[in-house]
Amino acid sequence: MSVLKSFIAGEWLGETPARPLPSAINGDIVAHTHQEPIDFAKAVEYGRTTGVKNLLAMDFQERALALKAMALYLQEHKQELYALSHHTGATKRDSAIDIDGGFGTLFSYASMGRRELPSGNVVHEGPVMPLGKENHFAGTHILVPRGGVAVHINAFNFPVWGMLEKFAPTFLAGMPCIVKPATATSYVTEAAVRLMQASGALPEGALQLIIGGTGDLLDHLREQDVVTFTGSASTALKLRSHPNILARSIPFNAEADSLNCAILAPDVTPDHEEFDLFIKEVVREMTVKAGQKCTAVRRILVPTAQLEAVADRLKQQLSKVVAGDPAVDGVRMGALASLDQCADVKAAIDRLKESCECLLGGTGDFQPLGDGCDRGAFLEPHLLLCRNPEQEGGAHDIEAFGPVATLMPYDTLEQAVAIAAKGKGSLVTTLSTRDPATAGQLVPMLAAYHGRLHVLDAQAAKESTGHGSPLPMLKHGGPGRAGGGEELGGIRAVCHYLQRTAVQGSPTMLAAITGEYVRGAKVIETEVHPFRRYFEDLQINESLLTHRRTVTEADIVNFGCLSGDHFYMHFDEIAARNSQFRERIAHGYFVLSAAAGLFVSPGEGPVLANYGLDNLRFITPVPIGDTIQARLTCKRKIDQGRTSPDGHPQGVVVWDVEVRNQKDELVASYDILTLVAKRPQ
Ligand code: NDP
């Protein structure tokens with residue numbers, strides 16, 4: 001008899017069966033939870049000591065590499081998860097969203113971490129702001145690991161993605177996770193955690209798993225810890241108002257149920273491609289994962305003139321959806337996660353029917369396809385109609401977490417916005433329109449009530465990732481009823497698990513703290529040109545003040561001829577005199593090129609490539625006769641563990657460049673990005 005185990009304080013725990021977990025397809029028992037109690041105080045302490053220590057022995061870049069290694073390992077072993085995922089009622093496509101979607105999130109965070117996070121464990125969130133007139137005192141922000149544990153409580157509908165989309169940014173941030181999956185589908189999460197452990201990429205203490213309840217876990221949390229939650233609004237309320245969470249101001253991020261809309265704009269009629277796209281999107285969102293997605297479409301807003309056409313097309317498409325055992329050919333929709341869930345959804349439909357008509361479903365002649373499916377948690381698609389959507393409650397309040405959605409007519413755009421807002425805050429809405437002016441008007445009005453807005457037209461449809469798919473680089477989470485939380489959204493999510501602190505001090509101190517050169521800090525000048533140093537030997541603040549160069553008319557003429565840029569400000573004496581500068585000035589790009597000529601060390605050396613500029617500003621004009629000088633300073637070093645195409649290790653070095661004139665005025669300012677070779681071994 002298979003008993004799931006918790007993974008606590010580095011050991012698998014659980015021998016004695018407790019609650020049986022039935023397959024959603026046929027009711028057969030897939031696994032049991034375990035009876036052995038978990039010592040939550042020990043789990044939290046272990047995370048805070050062993051977990052934090054091991055995670056912070058690595059830096060952001062090393063953790064990003066570990067994330068990638070873990071994702072590669074998981075991908076190689078994904079069939080083990082697919083086999084289990086089937087029992088949750090998932091079709092192959094549903095499993096792919098959960099399993100491959102989860103791995104994709106790991107890969108995304110690995111690559112975002114490598115691109116956007118520094119070496120070390122301090123993120124400098126600039127810019128540095130001078131706080132005095134002479135730049136002796138300045139301020140900036142840093143983000144540092146919190147030193148606590150993150151407790152992630154997840155919903156039953158995404159046993160893999162739900163864990164990984166929270167784990168990836170937490171891991172990058174250097175925070176150990178204690179994951180508590182929803183019990184009903186925890187057998188898939190347990191298998192995923194086993195694979196993560198087996199990958200060898202997970203430092204000891206970085207991940208613990210709870211099978212079953214959380215007991216007194218929340219009582220043991222402290223100020224440095226974090227709790228995230230996905231599930232029902234009622235559980236979110238209960239957990240976020242836990243006395244210890246409140247008393248210690250422990251950050252609590254919630255993603256709860258949401259009554260998401262799809263809105264058909266008035267400019268779209270049945271003869272437009274956007275009409276078909278709208279129908280397809282709604283049908284997909286109602287039936288993927290049998291409608292058990294926090295982002296699924298629950299309310300369908302259509303112009304009154306199109307109500308009948310939309311209802312007819314939806315009924316036609318939804319009645320073609322074959323539900324049953326996903327292993328059977330032709331099945332397009334699987335089961336709900338459990339019989340309990342099925343009963344909950346049926347009860348919600350009954351409550352919806354108090355204010356809505358039922359257009360499709362619930363006739364009693366539904367038969368899921370496949371052996372034993374009469375014991376499974378199947379439900380056919382239900383389409384309801386609310387004729388008076390301006391009334392509160394009903395479909396604006398009741399979330400039937402299954403293949404269920406309610407049609408609502410509207411007459412004006414303002415009315416559509418008001419109806420959408422009655423959901424009291426949603427994760428996502430799709431707007432189907434052909435008219436950019438409608439999108440321009442409606443989207444800003446809808447945005448206040450939504451975490452994400454997906455505008456669907458024929459052009460977007462060619463590549464759209466769909467209404468229901470949260471993406472690692474875009475924010476997931478919505479206001480109000482949707483929980484008021486934020487997940488994903490690129491590196492923002494990593495920042496949720498770091499402490500942001502304002503720091504004030506002299507530029508020299510700020511440079512030492514942030515690990516980045518700050519203008520005004522004491523520079524290091526040596527006999528050796530900084531371009532002649534290998535990556536390891538370069539120090540932050542290492543600097544070169546160049547010789548000077550006086551800009552001549554010949555420079556401007558030559559640069560104009562070479563580049564083809566004969567803009568009047570450089571070549572037309574009269575026009576330039578009438579301009580705000582009152583005289584001809586050098587091209588900004590000439591100044592940039594001349595500065596490179598001043599600071600570059602031309603011989604072969606460890607600087608391998610210049611791959612771009614950041615933050616370029618031309619600040620003071622350079623007229624003929626002005627004399628410029630450049631300062632090049634090593635600003636930031638990032639060791640991404642890269643090698644050149646021929647296998648030589650290298651790192652990224654960002655250089656601060658200031659170009660000044662004879663009056664010491666800043667003429668141009670920018671960062672140069674280079675690749676610098678490491679010392680030959
Ligand atoms: P719950 O809110 O009951 O459960 C969500 C998670 O919280 C599960 O891991 C659950 O564990 C855990 N949990 C429940 N009570 C406690 C507690 N007192 N202390 C600590 N953890 C707790 O949601 P359900 O999974 O039962 O789903 C109910 C409804 O929630 C759905 O029908 C749907 O309406 C909505 N929902 C919304 C989702 C979203 O993404 N927005 C996702 C899933 C559901 P356990 O499983 O062990 O009870």
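**Exercise 1.** In this predicted model, determine how the axes of helix H3 (residues 78-85) and helix H6 (residues 186-198) are oriented to each other, and state which residues make the contact.

*Solution.* 
Step 1. Two packed helices are described by the angle between their axes and by the distance between those axes.
Step 2. The axes of H3 and H6 come within 9 Å and cross at roughly 170 degrees.
Step 3. Angles over 145 degrees count as roughly antiparallel; H3 and H6 are therefore roughly antiparallel to each other.
Step 4. On the side of H3, the contact is made by Glu80, Leu81, Leu84 and Ser85. H6 contributes Tyr187, Val188, Ala191, Ala192 and Leu195.
Step 5. Sorted by class, the residues of this contact are seven nonpolar, one polar and one charged.

**Exercise 2.** State how many aromatic pairs the structure holds, and classify the pair formed by Phe531 and Phe599.

*Solution.* 
Step 1. There are nine aromatic pairs in the structure.
Step 2. The ring centres of Phe531 and Phe599 are 6.2 Å apart, and the ring planes stand at 75 degrees. Planes over 60 degrees apart count as edge-to-face, so this is the class of the pair Phe531 and Phe599.
Step 3. Phe531 belongs to the loop between helix H16 (507-514) and strand S22 (543-550), whereas Phe599 belongs to helix H20 (residues 588-599). The pair therefore ties together parts that are 68 residues apart in sequence.
Step 4. Buried means under 20% relative accessible area. Phe531, with 9%, is buried, and Phe599, with 3%, is buried as well.
Step 5. Phe531 and Phe599 form one aromatic cluster with Trp655.

**Exercise 3.** Classify the pair formed by Phe567 and Tyr568.

*Solution.* 
Step 1. The ring centres of Phe567 and Tyr568 lie 4.7 Å apart, with the planes at 45 degrees, so the pair is tilted.
Step 2. Phe567 has a relative accessible area of 44% and is partly exposed; Tyr568, at 39%, counts as partly exposed too.

**Exercise 4.** Is Asp225 buried or exposed, and with which residues is Asp225 in contact, leaving aside its neighbours within four places in sequence?

*Solution.* 
Step 1. Asp225 is located in the loop between strand S9 (207-209) and strand S10 (226-230).
Step 2. The relative accessibility of Asp225 is 0%, so this residue counts as buried.
Step 3. With those neighbours left aside, Asp225 is in contact with Arg48, Arg146, Gly148, Val149, Met175, His220, Ile250 and Pro251.
Step 4. Asp225 and Arg48 are 177 residues apart in sequence, and their C-alpha atoms are 9.0 Å apart in space.

Methods: Residues numbered from 1 in each chain as written. Predicted model: local features only at pLDDT ≥ 70, side-chain atom pairs only at ≥ 80, totals over all residues. Heavy atoms only, no water. Phe/Tyr/Trp six-rings, centres within 6.5 Å; stacked < 30°, edge-to-face > 60°. Helix = DSSP H or I, 4+ residues; strand = E, 2+ residues; numbered from the N terminus. Buried < 20%, exposed > 50% of the residue type's maximum accessible area, 1.4 Å probe, protein only. Axes fitted to C-alpha atoms, helices over the stretch in contact; angles between N-to-C directions. Parallel < 35°, antiparallel > 145°, perpendicular 65-115°, else oblique. Contact = heavy atoms within 4.5 Å. Nonpolar A, V, L, I, M, F, W, Y, C, P; charged D, E, K, R; others polar.
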